[in-house]
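Student: I would like to learn how to read a protein model feature by feature. Could we go through one together, with the general idea given before each case?

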Amino acid sequence: MDLEQLKIYAKENHVPIVRDKTLKKLLEISRKEDVKKILEIGTAVGYSTIAMLENNASVIMYTIEKDSERFKLAKQNIEKAGYLRQTRLFNQDALETLQDLVKSGERFDLVFLDGAKGQYIKYLPYLKQLLNKKGIIFADNINLLGYVNSDFVPHKHRSMVNNMKKFIEALKNDNDLETTFFNIDDGFSISQKI
Ligand SMILES: C[S@@+](CC[C@H](N)C(=O)[O-])C[C@H]1O[C@@H](n2cnc3c(N)ncnc32)[C@H](O)[C@@H]1O
């Protein structure tokens, strides 16, 4: 499956993947010369993973996916695309993986944060430790389909929305990070460690 086919597969099978304009911005960043190692949280079926690898063939990719079916499929897709040797896949809850990566002293130039939306705030302290100086956190879906700026949020989404608001505030108030917010697609933020 090439990327276009993978995109169609994702749509037909209700697998959420990164939107086009967001991906374009992500690829602009991931192709920079000083981006040598990327961490992705939320592999799904490998669409954004393969897009970033295609875009920067020398990059080392670490990617985390909790769902075992999606993980299996992502691994197959990454293998078929020819990038398995430069990719480390984790079939685990992201928080656990992040804790392990911090313990083992790993460092990254770019983090693509695209896993459980209510967990971003929990991940932030670990991500800061995992970033190289000038490293970037690219966080997707920070608008949560508009709920983040809405007066009414259905009960089932409230805790996720509150956690996303906390994440956005934490980025704004963090003196170690310089953050720009983009109101494109479902909203994303780009934070650079200074
Ligand atoms: C938006 S999708 C990722 C899309 C992918 N980055 C792309 O653009 O092709 C989010 C993924 O995060 C996974 N996920 C949700 N909670 C997670 C967790 N706690 N740990 C790891 N993965 C998680 C979901 O199973 C889902 O596949």
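Student: Which residues does Phe 138 touch, not counting residues up to four places away in sequence?

Tutor: Two residues are in contact if their C-beta atoms, placed from the backbone, lie within 7 Å. Leaving out residues up to four places away in sequence, Phe 138 touches Leu 26, Ile 29, Leu 110, Val 111, Phe 112, Leu 113, Phe 188 and Ile 190. Before we go on, please keep in mind that this is a predicted model, in which local features need pLDDT of at least 70 and side-chain atom pairs count only at pLDDT 80 or more, while totals for chains, interfaces and linings use all residues. Residues are numbered from 1 along each chain as its sequence is written.

Student: Which residues have the most contacts inside the largest nonpolar core?

Tutor: A residue is called buried if 20 or more other C-beta atoms lie within 10 Å of its own, exposed if 12 or fewer, and partly exposed in between, with the C-beta atoms placed from the backbone. A nonpolar core is then a set of buried Ala, Val, Leu, Ile, Met, Phe, Trp, Tyr and Cys residues joined through C-beta atoms within 7 Å. Here the largest such core has 53 residues, and those with the most contacts inside it are Val 111, Leu 113 and Phe 138. In the protein as a whole, buried residues make up 40% of the 194 residues.

Student: How many helices and strands does the protein have?

Tutor: Helices (H or I, at least four residues) and strands (E, at least two) are DSSP runs, numbered from the N terminus. The protein has seven helices and seven strands, and along the sequence they follow the pattern α-α-β-α-β-α-β-α-β-α-β-α-β-β. The radius of gyration is taken over C-alpha atoms, and the globule rule is 2.2 Å times the number of residues to the power 0.38. For this protein the radius is 16 Å, close to the 16 Å that the rule gives for 194 residues, so the protein is as compact as a globular protein of that length.

Student: Which residues of helix α6 are buried?

Tutor: An α-helix has 3.6 residues a turn, so residues three or four places apart point the same way. In α6, which runs over residues 120-130, the buried residues are Tyr 120, Tyr 123, Leu 124, Leu 127 and Leu 130. They cover an arc of only 130° around the axis (taken from the directions from the helix axis to the C-beta atoms), which puts them on the same side of α6. Among the elements that cover these buried residues are β1 (37-41), α5 (94-103), β4 (108-113), β5 (131-140) and α7 (158-173).

Student: Where is His 14 placed, and is His 14 buried or exposed?

Tutor: His 14 lies in the loop between α1 (3-12) and α2 (20-30), and it is exposed, with 6 other C-beta atoms within 10 Å. Although His 14 is not a glycine, it has a positive phi of about 55°. Lys 134, which is also not a glycine, has a positive phi of about 75°. Lys 134 is found in strand β5 and counts as exposed, with 10 C-beta neighbours inside 10 Å.

Student: How many residues surround the ligand?

Tutor: A residue is near a molecule if its C-beta atom, placed from the backbone, lies within 6 Å of it. By this rule 18 residues surround the ligand, and the closest are Val 18, Gly 42, Tyr 47, Ser 48 and Ala 116.
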